[in-house]
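Subject: Structure for you, with notes

Hello,

Here is the structure we talked about. Please open it next to the notes below.

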Amino acid sequence: MTTTLPRTADPRAPVLPPARGEISAAFAGRLRGRPGALPGPREVAAADPYGEDVQLALHLCYELHYRGFDGVPDDAEWDPELLRGRALLEERFEEALRDGCPGARTPAEVFDALLTEPPDGRGVSRHLLRDGTLTHLREHAVLRSVHQLRESDPQAWVLPRLGGRAKAAMATVLYDEFGAGRPERVHAGLYADLMDALGLDPRYGHYLPVIGAAALAPTNLMSLLGLRRAHRGALVGHFAVLETTSPPAASWHAAALRRCGVGEAAVRYYDEHVEADAVHEQLVRHEVVGGLLADEPELAADVVFGAEATVLLEDALGEAVVSAWEQGSSALLAPVEEES
């Protein structure tokens, strides 16, 4: 069964999606102005930190710091009750991440390991390169849209928290991500062009109702790390992983898109990342990470946590997506129709 998603009255803000459990229903209800208490410590502690309910509730809270939701007042961003509730969800999420991360390595060891690609790699990019269909490419574009239509917005929050080499290098990388002064080259806009070329609706947040928890979790991690100054080291470690792993994955995506004959407008986003992120990887690792640790060496463990948490969630997403495709199923909560 396919689903046609509603059109929002505000072209910049998505509509609130359906709840996926009692926790997300309570947060959505408060955003809609309905009375009722938000879940407390007991309810949150009993919930699956990686489950649909918690991850959607976190996304609802974090989206208030981006474009918000259609019909939700801007002041909801600083609603004390929402912030208290969000803190409980974050604590549950972060606790699970720390339990799942080894944490006994140096930053150099973590990033060196990322440069070795196993020959039998099972990730999404490898699958798309070898066996990907147009349907798989469209579903992957939908799954990643929750982040890619924001591009580096979560990472930009770290700029005021850095100094010296780290700040200068981070600003250089982000300048490229935001188009280097050319609006037509903003990476989020290139991703919207990719979606349009694949027959998808490129509007921000449009596909949130069909994007599952496995894809929401990596995006929520970005917001968690970006919004908290205490996590500046982890945000840098997270960003270094993205920039280190991007060039090979982008080249495989571009090859898969060309094999399926979707046209150059769909490929431009990945072509841009093949070249740009190869340079960014060196800047981030040696100047952003290196500069931060030269200034604050005590943040080394935080850099490792951010990197390992990113790998943990990306691997979980890749496994869920590839498993669904290998079973002939959709990787989305519901398949989507091609937009007319």
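Which residue's side chain meets that of arginine 105 in a salt bridge? The partner is glutamate 308, at 3.1 Å from N to O. A salt bridge here is a side-chain nitrogen of Lys or Arg within 4 Å of a carboxyl oxygen of Asp or Glu. This pair links distant parts of the chain, 203 residues apart. Arginine 105 sits in the loop between H4 and helix H5 (107-114), and glutamate 308 in helix H14 (residues 300-326). Helices (H or I, at least four residues) and strands (E, at least two) are DSSP runs, numbered from the N terminus.

Some ground rules before the rest. This is a predicted model, in which local features need pLDDT of at least 70 and side-chain atom pairs count only at pLDDT 80 or more, while totals for chains, interfaces and linings use all residues. Residues are numbered from 1 along each chain as its sequence is written, and side-chain values use heavy atoms, with hydrogens and water left out.

Salt bridges

Back to the first pair. Arginine 105 is partly exposed, at 36% relative accessibility. Glutamate 308 is buried, at 5%. The cut-offs: buried is under 20% relative accessible area, exposed is over 50%, and partly exposed lies in between (1.4 Å probe, protein chains only).

The structure holds 18 salt bridges. Glutamate 52 and arginine 20 form one of them, at 2.8 Å from N to O. These two are 32 residues apart, with glutamate 52 in helix H3 and arginine 20 in the segment before H1. Glutamate 52 is partly exposed at 28% relative accessibility. Arginine 20 is buried, with a relative accessible area of 19%.

Arginine 30 and aspartate 79 make another, and their closest N and O atoms are 2.8 Å apart. Again the pair links distant parts of the chain: arginine 30 is in helix H1, aspartate 79 is in the loop between H3 and H4, and 49 residues separate them. Arginine 30 is partly exposed, with a relative accessible area of 28%. Aspartate 79 is buried, at 14%.

There is also a network. Salt bridges link Arg86, Glu90 and Arg228.

Helix H3

H3 covers residues 52-63. Its 12 residues should span 16 Å at 1.5 Å a residue, and its end C-alpha atoms are 16 Å apart, so the two agree. The expected span is 1.5 Å times one less than the number of residues.

How many of its 12 residues are buried? The count is 11, so H3 is largely enclosed by the rest of the structure. Among the buried ones are Asp53, Gln55, His59, Cys61 and Glu63. The cover includes helix H1 (22-31), helix H4 (80-100), helix H7 (134-148) and helix H11 (213-227). Cover is judged by contact, meaning heavy atoms within 4.5 Å.

Cavities

The structure holds 7 cavities of 30 Å³ or more. On a 1 Å grid over the protein atoms alone, a cavity is a set of points where a 1.4 Å probe fits but cannot get out; lining residues have an atom within 4 Å of a point. Grid points are joined across faces, edges and corners, and a volume is the space filled by probe spheres set on the points.

Look at the second largest cavity. About 70 Å³ of space lies in it. His59 and Glu63 are in its lining, along with residues including Pro14, Phe69, Ser145, Val146, Arg150 and Tyr204. H3 and H7 are the elements that give two or more residues to this lining. By class, the lining has 6 nonpolar, 3 polar and 2 charged residues. Ala, Val, Leu, Ile, Met, Phe, Trp, Tyr, Cys and Pro count as nonpolar, Asp, Glu, Lys and Arg as charged, and the others, Gly among them, as polar.

Single residues to check

Glutamate 151 has a positive phi, near 50°, and is a residue other than glycine. It lies in the loop between H7 and helix H8 (153-156). Glutamate 151 is buried, with a relative accessible area of 4%.

Alanine 180 also has phi near 50°. Its place is in the loop between H9 and helix H10 (187-197). Alanine 180 is partly exposed, at 31%.

Last, threonine 172 is in helix H9 (residues 164-177). It is partly exposed at 40% relative accessibility. Its C-alpha atom is 28 Å from that of histidine 59, which is 113 residues away along the chain.

Best wishes

Methods. 1 Å grid on protein atoms, 1.4 Å probe; cavity = no way out; pocket = protein on both sides within 12 Å on 5 of 7 lines; lining within 4 Å.
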